[in-house]
Amino acid sequence: MAYVALSEAEKTFILHGVEVISSVPLFNSLFKVSLFLQEDFRCDGRSRRDYRPMELETGLVSNASGSARLRLANTDILVGVKTEIDVPNPLTPEFGKIEFFVDCSANATPEFEGRGGSDLAQELILSLQNAYESPLAFDYRTLCLIPGQQCWKLYIDILILECGGNLHDAVSLAAKAALYNTKLPRVTATLLDAGITDLIISDNPYDCTRIGTDAVPLLVTVCKIGDYCLVDPTAEEEVCSTVSMVVSVSMRNETPFLSGTHMTGGGSMHRDTMLNCIQLGLSMGEQLNKLLVKMLKAEETRVGPKRPKTVGFLK
Amino acid sequence: MSGRLELLSEQGLRLDGRRPHELRHIKCKLGVFEQPDGSAYMEQGNTKVLAAVYGPHQAKAKKAEGNELIINCQYSQATFSTSERKNRPRGDRKSQEFKMYLQQALSAAIKSELYPRSQIDIYVEVLQADGANYAVSLNAATLALIDAGICLNEFVVACTASLSKSNIPLTDISHVEEVSGGPKLTIAALPTAEKIAFMEMSERFHIDQLETVIETAMAGCREIRDILEAAVKEHLIHIGSAADWARVC
């Protein structure tokens, strides 16, 4: 993670914004009374349950089957999905395959130069793999072409261009957006010759199918600062937090389900706090999912002349 | 020179419809990120590159030898940048080679005497590769250096050139033209001083043709320099508008 230097005073300032019950003196003619107020007012003016502004673009990389770029305040993620035909795993003959790859670009911070970012990349890959592992969270059957013989393999390549905190959430949002944008060419199987099938892949770029992304999970990082939990921590807030929970939320029939969770950071938390964190993560995940779907649908309608000329830097 | 494709049609147009001396469409933008000291995005046709510059800062102990400036480059290519998926973004021979060439061309341009015992990190990330990757990376790196406010002797600009079967020189070749077997010449130049900071050539040229191909690439460099200069001016007017610089420009 990009190195952020914070002094004790700065840390206290962040901590107070999140939790401290501050005292406002109220002067009365007879008594000096203090009124206690709960702040819930973070450095950038958000409450504990607010996300920072997001910017989303899809279909930018022409060499990939699907792509998305997500900018969550200062965190910038570019995802490209590449497809390949592969043989299914003999244990799960009806399932397709997904492989994640995270590359921490040195553009984000000089510490990522060479192999510097590989630990962080590995952590992100593992949490995504965990979240996508359940067939209820991602329907691997849709990626199957001929059970036991041929299936699609999706390479989800994630490139981190700038880190401004909350990488887990940003990466999972961008991955889901890229999957939504992915178009698989239509495949027809012919010529059953001694049990061997011949696949004909349509070369018409408009003759394609899409992947069902309704249940694709999102990761929500719930960060514990002081005694309170908050979502979407900035890089500075991440420094102040001792422990956070990464909750992966998969939607099914409008209800949020948990598809994996793990703790990051060196601290510990009470069991009740942990359950609260997961609850918060689930409800935030539900809202986030709604928002993402809305954004993706809006993005789809912006085609042709309606497409804005410049969004971000990738025109 | 048989066995390779003809790169020019009978009408004298190239595979993507350009005329022989035409560049691909260039778009660029400075200051795209906040964390690095300088950053730039550059698009030349379908080749898209991001560059970030950190520094000048104190040189790392193990690298510091003597008084001179250390120019540290990294070239990496996103795994989804090519039509065949790449297995790793950096560390292969090609990117090591490009990294060295970048270092070479940039050290010719940076006024290194102004930064003793310092280090400048230049990171280049190719998001989409469609020919002339090195040239576009170098151009993006130049813009990022300018955005970081590092003193340069002048713009260092790279351009590629090739030769069609009928011996007509072609400027700024795309990936298809690169792989169809024609010769490829890359030049990094300081166009105002007419100096060549770096040159690389593959396949074979007849010595008589070399002169014209170099001149074609140099002409391409001059054209790109003008585009970059315009972009820098526009950027400065934009960021300086709050301080009312726009009137000075």
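Thr234(A) sits in the loop that links β14 to α4 of chain A; helices (H or I, at least four residues) and strands (E, at least two) are DSSP runs here, numbered from the N terminus. The model is a predicted one, in which local features need pLDDT of at least 70 and side-chain atom pairs count only at pLDDT 80 or more, while totals for chains, interfaces and linings use all residues. Residues are numbered from 1 along each chain as its sequence is written, and chains are lettered from A and ligands numbered from 1 in the order in which they are written.

With 22 other C-beta atoms within 10 Å, Thr234(A) is buried (a residue is buried if 20 or more other C-beta atoms lie within 10 Å of its own, exposed if 12 or fewer, and partly exposed in between, with C-beta atoms placed from the backbone). Leaving aside neighbours within four places in sequence, Thr234(A) is in contact with Asp44(A), Gly164(A) and Gly165(A), contact being a pair of C-beta atoms, placed from the backbone, that lie within 7 Å. Arg52(A) is 182 residues away along the chain, yet its C-alpha atom is separated from that of Thr234(A) by 8.9 Å.

Helix α1 itself spans residues 8-18 of chain A, and its buried residues are Ile14(A), Gly17(A) and Val18(A). Viewed down the axis of α1(A), these fall within an arc of 105°, so they line one face of the helix; the arc is that of the directions from the helix axis to the C-beta atoms. On the face of α1(A) turned away from the buried side are the exposed residues Glu8(A) and Ala9(A).

Chain B has an open sheet of five strands, ordered β1-β2-β3-β5-β4, with mixed pairing; two strands pair if DSSP finds at least two bridges between them. The edges are held by β1 (26-30) and β4 (70-77) of chain B, each with a single partner strand, so one side of each has no neighbour in the sheet. From one strand to the next, the twist averages 15°; for this and other angles, axes are lines fitted to C-alpha atoms, for helices over the stretch in contact, and angles run from 0 to 180 degrees between N-to-C directions.

Strand by strand, β2 (residues 38-44) and β3 (residues 47-58) of chain B run antiparallel and are joined by seven bridges, with Ser39(B) standing opposite Ala52(B) in β3(B). Antiparallel pairing also links β3(B) and β5(B), over nine bridges, where Lys48(B) has Gln128(B) in β5(B) as its bridge partner. In contrast, β4(B) and β5(B) run parallel and are joined by eight bridges; Gln74(B) is partnered there by Tyr123(B) in β5(B). Nine of the 11 residues of β5(B) are buried, so this strand is largely enclosed by the rest of the structure.

Helix α1 (residues 93-109) of chain B lies across β4 and β5 (118-128) of chain B, at about 140° to β4(B). Helix α2 (residues 133-147) of chain B touches β1, β2, β3, β4 and β5 of chain B, its direction making about 145° with that of β2(B).

The two chains also meet: 27 residues of chain B are in contact with 23 residues of chain A. On the chain B side, β1, β3, β4 and β5 each supply at least two residues, and β5(B) gives the largest share, five residues.

A few backbone details stand out. Most residues other than glycine have a negative phi, and most peptide bonds are trans. The bond from Gly55(B) to Pro56(B) is cis, with omega near 0°, and Pro56(B) is found in strand β3 of chain B. Ala73(A), in the loop between β4 (66-72) and β5 (75-86) of chain A, has a positive phi near 50°. Asp172(B), in the loop between β7 and α3 (175-179) of chain B, likewise has a positive phi of about 50°, and is buried, with 28 other C-beta atoms within 10 Å.
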